[in-house]
Amino acid sequence: MPELHLSLLGGFELRHRSGEIIPVRARKVRALLAYLALNAGKTQARERLADLLWETGDARTSLRQALTVVRKVLPEIDPEPLRADNDGVSLNPAVFSVDAREFETLARNTEPEVLERAVDLYRGD
């Protein structure tokens, strides 16, 4: 079972396996985590992330600051949840489960019980 669960359907919520909610207040940090989680395991170019989330001339600095916040809010676990180097950033898929990814997998099935589980994942209106 992954250490962290990210709920995106019906609202953002990051939760540790223990049940503790991990507060992530900044919208851009939430957006960064959501984007990385939906693409977990795939390294995203820093330049692309910066352009995607910030329209300022100093987007790389804003991305660097957001990554600092992510490192602070994520618990120290092994393996490390966030991977970052000079060129790219990714989340470790072994550490994260994401309701939206699980929903996509379940929704491909045609069995009613499986589709009901997919519907149960959606917490919003």
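These are my notebook entries on a predicted model.

**Ground rules**

I number residues from 1 along each chain as its sequence is written. In this predicted model, local features need pLDDT of at least 70, side-chain atom pairs count only at pLDDT 80 or more, totals for chains, interfaces and linings use all residues, and side-chain values use heavy atoms, with hydrogens and water left out.

**Entry: the sheet**

I looked up the strands first. Strands here are DSSP runs of E with at least two residues, and helices are runs of H or I with at least four, both numbered from the N terminus. Two strands pair if DSSP finds at least two bridges between them. I found an open sheet of four strands. Their order is β3-β2-β1-β7, and the pairing is mixed. β3 (21-22) and β7 (96-98) are the edge strands. Each has a single partner strand, so one side of each lacks a neighbour in the sheet. I noted a general point too: strands of a sheet pair through backbone hydrogen bonds, either parallel or antiparallel.

**Entry: strand pairs and hairpins**

I went on to β1 and β2. They pair antiparallel over four bridges. Ser-7 stands opposite Glu-13 in β2. Five residues lie between the strands of this hairpin, and Gly-10 takes a positive phi near 90 degrees there.

Next came β2 (residues 13-16) and β3. Two bridges join them, and they run antiparallel. Leu-14 faces Ile-22 in β3. This hairpin has four residues between its strands, and Gly-19 takes a positive phi near 105 degrees. For comparison, most residues other than glycine have a negative phi.

**Entry: Gly-11**

I found Gly-11 in the loop between β1 (4-7) and β2. The cut-offs are under 20% for buried, over 50% for exposed and in between for partly exposed (1.4 Å probe, protein chains only). Gly-11 and Tyr-122 are 111 residues apart in sequence, yet 9.3 Å apart in space, C-alpha to C-alpha.

**Entry: salt bridges**

How many salt bridges does the structure hold? I found three. The term means a side-chain nitrogen of Lys or Arg within 4 Å of a carboxyl oxygen of Asp or Glu.

Arg-17 and Glu-3 form one of them, at 2.9 Å from N to O. This pair links distant parts of the chain, 14 residues apart: Arg-17 is in the loop between β2 and β3, and Glu-3 is in the segment before β1. Arg-17 is partly exposed at 43%. Glu-3 counts as buried at 19%.

Glu-47 and Arg-60 meet in another, at 3.2 Å from N to O. Glu-47 is in helix α2 (residues 46-53) and Arg-60 in helix α3, 13 residues apart. Both ends are partly exposed, Glu-47 at 43% and Arg-60 at 33%.

Arg-15 also bridges to Glu-13, with 3.1 Å between the closest N and O atoms. Arg-15 is partly exposed at 28%.

**Entry: a cis bond**

I checked the peptide bond from Asp-78 to Pro-79. It is cis, with omega near 5 degrees. Pro-79 sits in the loop between α3 (59-73) and β5 (82-84). In general, most peptide bonds are trans.

**Entry: a charged patch**

Last, I looked at the surface. Glu-111, Glu-113, Glu-116 and Asp-120 gather there in a patch of negative charge. Patch residues have over 30% relative accessible area and no salt bridge; like charges are joined within 9 Å, and nonpolar side chains (Val, Leu, Ile, Met, Phe, Trp, Tyr) within 5 Å. Asp and Glu count as negative, Lys and Arg as positive; His and the chain ends are not counted. Glu-113 is found in helix α5 (residues 112-121).

Technical notes. Areas by Shrake-Rupley, 256 points an atom, 1.4 Å probe, with all protein chains shown as cover. Charge placed at Lys NZ, Arg CZ, Asp CG, Glu CD.
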